[in-house]
Amino acid sequence: MFFFFVGGLEQQVRQVVKSGVGRCINCGSRADMVEYDKVLKLFFVPVWRWPGKEPLLYCDNCKFLFPRSYSLPPNADAGTPLPPAVSDALRCRFCDRVVESDFRFCPFCGSEL
């Protein structure tokens with residue numbers, strides 16, 4: 001007898017706290033400060049949700065959640081360098097996304113850092 005388990009953990013935006021707070025580190029468009037929920041799904045059905053710890057920034061253009069400390073200022077253009085909290089050592093060289101320094105593999109594309 002076989003049983004297939006389909007499930008996962010997802011972060012979903014609950015509400016927008018403040019609009020246009022920063023710029024996305026992934027695509028450079030406007031990012032909003034949001035409160036979010038972590039949602040456990042089984043067979044694509046939400047089973048359990050609990051609130052996230054602190055507000056994050058959310059880009060509606062590329063659907064990317066990230067901490068406010070990584071954000072670019074809201075009036076910065078797309079060519080503006082990242083703030084000191086995000087150096088090139090913390091970016092994946094393949095997908096160019098921000099990765100925490102203690103990771104050995106990129107959580108977005110799976111390549112070795």
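A salt bridge is defined here as a side-chain nitrogen of Lys or Arg within 4 Å of a carboxyl oxygen of Asp or Glu. By this rule, 6 salt bridges are counted. The structure is a predicted model, in which local features need pLDDT of at least 70 and side-chain atom pairs count only at pLDDT 80 or more, while totals for chains, interfaces and linings use all residues. Residues are numbered from 1 along each chain as its sequence is written, and side-chain values use heavy atoms, with hydrogens and water left out.

**Salt bridges**

- E10 pairs with K41, with the closest N and O atoms 3.4 Å apart. Because E10 belongs to strand β1 (residues 7–23) and K41 to strand β2 (residues 30–42), this pair ties together parts that are 31 residues apart in sequence. Strands (E, at least two residues) are DSSP runs, numbered from the N terminus.
- E10 is partly exposed, at 33% relative accessibility; buried means under 20% relative accessible area, exposed over 50%, and partly exposed in between (1.4 Å probe, protein chains only).
- D32 forms a salt bridge with R30, where the closest N and O atoms are 3.9 Å apart. D32 counts as buried, at 16% relative accessibility.
- D60 is bridged to K63, the closest N and O atoms being 3.3 Å apart. K63 is exposed, with a relative accessible area of 54%.
- A network of salt bridges links R14, E35, D37 and R49.

- V13 is located in strand β1 and is partly exposed, at 33% relative accessibility.
- Apart from neighbours within four places in sequence, V13 is in contact (heavy atoms within 4.5 Å) with V34, E35, Y36 and Y58.
- The C-alpha atoms of V13 and G52 are 9.7 Å apart in space, and the two residues are 39 apart in sequence.

**Largest pocket**

- A pocket is an open set of points on a 1 Å grid over the protein atoms alone, where a 1.4 Å probe fits, with protein on both sides within 12 Å along at least five of seven lines; lining residues have an atom within 4 Å of a point.
- The largest pocket holds about 410 Å³ of space, a volume being the space filled by probe spheres set on the points, which are joined across faces, edges and corners.
- Its lining comprises 16 residues, of which L65, F66, P67, E100 and F108 lie nearest the centre. The elements giving two or more residues to this lining are β2 and β5 (64–66), and β5 gives the most, with 3 residues.
- By class, the lining has 13 nonpolar (Ala, Val, Leu, Ile, Met, Phe, Trp, Tyr, Cys, Pro), 2 charged (Asp, Glu, Lys, Arg) and 1 polar residue (the others, Gly among them).

Technical notes: Helix = DSSP H or I, 4+ residues; strand = E, 2+ residues; numbered from the N terminus.
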